[in-house]
Amino acid sequence: MASQQIASTQPSTAFDRIPVEIWRQIAQALPANSLSNFVLSSRNFYKCANPHLYRTLHFFGTSKSKKEAAKAALLQESCFGVHRAQSWLFHSDHSSSINHIRTFLKTITANPELRSHITGASFEWDDTANAQDILIAKRCLELLKPLLSLLRLALPDFDTKFAITSNVTFLEIVYPDEKLLNDDYEDSRYDVDLHEGLRDNVYSIFCIPTLRHLSIKYARTWHAFTPLPPTSDSRFGTSNIISLSLPGTVPLSRDLKEILTWPKALRYFYHENVRGNSNFFQNYGNEQVTSPEVFIEGLNTQRHAIEELIYNNEEDCCGQDETTFGTALREFIHLKRLAVSRDSLVGDGVNEEPQPLHETLPPNLEEAWIQLDSGDTYDDRQQSFLKQGLQGIAMNKEQCCPSLKNLVLWQIEAQYGVYPKNEYRAEAGRILNALNLVSTFQEVGIRFDFTFGNPTKFGASNLMN
């Protein structure tokens, strides 16, 4: 049977003779921001390409100006704990923006066939969003729920009931004790009633059957669960979550140590300490000192599953102890991508000679980002120990991490504008020249570099395949 061609009342052209199946394939390959222009080119293009415009959608409810909203989105993108797989669903190359939620609801209600083309959606709103728009967004989700294979929700609170009923696959949520930072709750750190049921509420999120990627923002304590009997382990290995992100959090303590036992196999874990100089950041009088040793012990139950680990142990208000991971990462046999501070791996060499850096790395590591402090780049003695440790990695690559392909040193100062933008490259060049190791690593097949700012997001888009 001859292929269908696009009908036209105009004189026949070469474009008119192209089968409609070809146009559909072209439409399918176009990024969402180009597809919107494509469907406006002609009525015929609209008919064959419009369904593709609806395949993945993004809604952001806010009363902020476009400039403020864009700034908030940029901040989220630069956040240490945001996973690339989450941002994929609201990137303009991959999804169409829902600008008028009321019109969108009418459209998908009146056109079931169009609705059937929607396979992925991202819905988020902040605490300034119009209440009516949020209700309409939830009605849209009710219609779409049976059709979606991917659903990302970003909620400004800990709305467990809504999240549980949404078949969500990516969830970004604010930890419930965030409200304790408000002035109205000044004395609530001593209110035990606020903690009753907290464990069950958090666990109910982890047990959403469809949920794979979870981001819990702004937890201000991991020391708030009511005590459990010593032999209670009924939640161990019961969650399907494979990716856990904790942006703007505080050091690991007993609650988080328990939470890390819930996933069956946690493959991606990101932990970003809040930086500051006030006990504002930790609540309830159980402030924890940042401790790499305590952190890695808490993650030990997932040592046979973790593939990516980003741990920012920047000193928060309560200080940091002098412990390191030691050789614990050698037992993380599936860990391929790692971003940590140098002082989580080894000491600075000021008080004693540090452990060889290559002895601290996981055996199957492919990419490593090591965060330096100012002493690593300006103190001659400390820099000497750093260089010695890096040389050890190159010399012992085959024995310690034969799969290592990329090694990047980085500092976070660029995010806060310590250097003028035009000096970033010059400063990075100065540090690389001082270490003089680029050719040494090239000889053993490792790309060696230095950069400012946060690590590029791991967990490439293969999660979306």
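Tutor: Two strands pair if DSSP finds at least two bridges between them. Helices (H or I, at least four residues) and strands (E, at least two) are DSSP runs, numbered from the N terminus. This is a predicted model: local features need pLDDT of at least 70, side-chain atom pairs count only at pLDDT 80 or more, and totals for chains, interfaces and linings use all residues. Residues are numbered from 1 along each chain as its sequence is written, and side-chain values use heavy atoms, with hydrogens and water left out.

Student: OK. What stands opposite Val408 in β13?

Tutor: Asp449 does. Strand β13 covers residues 447–452, and six bridges join it to β12 in a parallel run.

Student: And how many bridges link β11 and β12?

Tutor: Five, also in the parallel sense. Strand β11 is residues 367–371. Ala368 has Leu407 in β12 as its bridge partner.

Student: Why is β12 called largely enclosed?

Tutor: Because six of its six residues, 406–411, are buried. Buried means under 20% relative accessible area, exposed over 50%, partly exposed in between (1.4 Å probe, protein chains only).

Student: Which way do the β12 residues point?

Tutor: Asn406, Val408 and Trp410 point one way. Leu407, Leu409 and Gln411 point the other way.

Student: New topic. Which residues touch the most other members of the largest nonpolar core?

Tutor: Phe104, Phe123, Leu171, Leu214, Phe269 and Leu390, out of 103 residues. Helix α8 (residues 131–144) gives the largest share, six residues. A nonpolar core is a set of buried Ala, Val, Leu, Ile, Met, Phe, Trp, Tyr and Cys residues joined through side-chain atoms within 4.5 Å.

Student: Which residues are in the other core, the one apart from it?

Tutor: That core has eight residues, among them Ile242, Tyr270, Val408 and Trp410.

Student: What does Phe123 touch?

Tutor: Leaving out residues up to four places away in sequence, its contacts include Phe59, Ile98, Cys140 and Arg152. Contact means heavy atoms within 4.5 Å.

Student: Now the serines. Is Ser239 buried or exposed?

Tutor: Ser239 is buried, because its relative accessible area is 1%. It sits in the loop between β6 (213–217) and β7 (243–249). Beyond four places in sequence, Ser239 touches Phe206, Trp262, Pro263 and Lys264.

Student: And where is Ser384?

Tutor: In helix α15, residues 380–395. Ser384 is partly exposed, at 44% relative accessible area. Its C-alpha atom is 9.8 Å from that of Asp348, 36 residues apart along the chain.
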